[in-house]
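Have the model open while you read.

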Amino acid sequence: MPGDLDQKVAIITGGASGIGRATALAMVEAGAKVVIADINEEGARRTATQIGEAAMAFQMDVSAEDDWTAVTEETIRHFGRLDIVGNIAGIGRGGTIEDVTLDDWNAMIAVNLTGVMLGCKHGIKAIHKSGGAGAIINMSSIGGLIGVSDIAAYCGSKGGVTTLTKSVALHCAEQGYPIRCMSVHPTYVDSEMLDPVAEMAGVSRAELVSGMAPLVPMKRVATPQDVANTIVFLASDKAAMISGSAIAVDGAQLAGPPPAHFS
């Protein structure tokens, strides 16, 4: 809501598109200033330009530690502080455990897990330097809570995010840092990440989304805005006692199996 993030500064990775872009826009609406960090420099600049003076674009590879050092330093130089890190950047590639290639495994571990680890490591240092209070929100997936046979490596990378988040939350609490850390676990999301999946299936994204919707008890897939709204809440002081938690944005998909009894 407007005002929930007044005076706060956030780094949002993956901010050029999808959930990252929606999160950046939602945070600015809530009063924050944001750094749009993405390997896609052109896309990051488009998002920053749309926002205006409350945003800055930064090209980075989330799996490169030097880039994390640079983006946190530039954020503090430009906006004066850092309060929030949204580790949103991610990639997805399919394959069962027998089919997955080592290249795909390494790519997903690098972006989805190493990138999050580095965001936590350098985010804590920069938030602490800025005054010590803040929040780190890590993007996982329902695939980080359950296994899915045909995206084995993706589940492995996202499962790592789930338990890494808990370790980070405990560390901050034990050190007396007023820094919270949470993971967010969406169901299918109607974003650009579905485009290559739709292309492989030989259908449009709209057709793919239509086929996925019945698999969610609420009968629709999530939108980037659904997830962004959750992230903004977790980043705000309204979530002051939430840390280490895995927050599902899944339309009840993980609540239980489909009905087995018929009247």
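The largest nonpolar core has 33 residues, a core being buried Ala, Val, Leu, Ile, Met, Phe, Trp, Tyr and Cys residues joined through side-chain atoms within 4.5 Å. Buried here is under 20% relative accessible area (1.4 Å probe, protein chains only). Met-27, Ile-137 and Ile-231 have the most contacts inside this core. Keep in mind that this is a predicted model, with local features needing pLDDT of at least 70, side-chain atom pairs pLDDT 80 or more, and totals for chains, interfaces and linings using all residues. Numbering starts from 1 along each chain as its sequence is written, and side-chain values use heavy atoms, leaving out hydrogens and water.

**The core**
- Ile-137 touches Ile-231, Leu-234 and Ala-235, among others (heavy atoms within 4.5 Å).

**Helix 8**
- Helix 8 covers residues 224-235 and reaches 16 Å from first C-alpha to last; helices are DSSP runs of H or I, at least four residues, and strands are E runs of at least two, numbered from the N terminus.
- Its buried residues include Val-227, Ala-228, Ile-231 and Leu-234.
- They pack against helix 1 (18-29) and strands 4 (84-87), 5 (134-139), 6 (179-186) and 7 (246-249).

**Helix 1 against helix 8**
- The two axes, lines fitted to C-alpha atoms over the stretch in contact, come within 8 Å and cross at roughly 50°.
- Residues of helix 1 that meet helix 8 include Ala-22, Thr-23 and Met-27.

Key. The expected span of a helix is 1.5 Å times one less than its number of residues. Buried means under 20% relative accessible area, exposed over 50%, partly exposed in between (1.4 Å probe, protein chains only). Axes are lines fitted to C-alpha atoms, for helices over the stretch in contact, and angles run from 0 to 180 degrees between N-to-C directions. Lists of a residue's contacts leave out its neighbours within four places in sequence.
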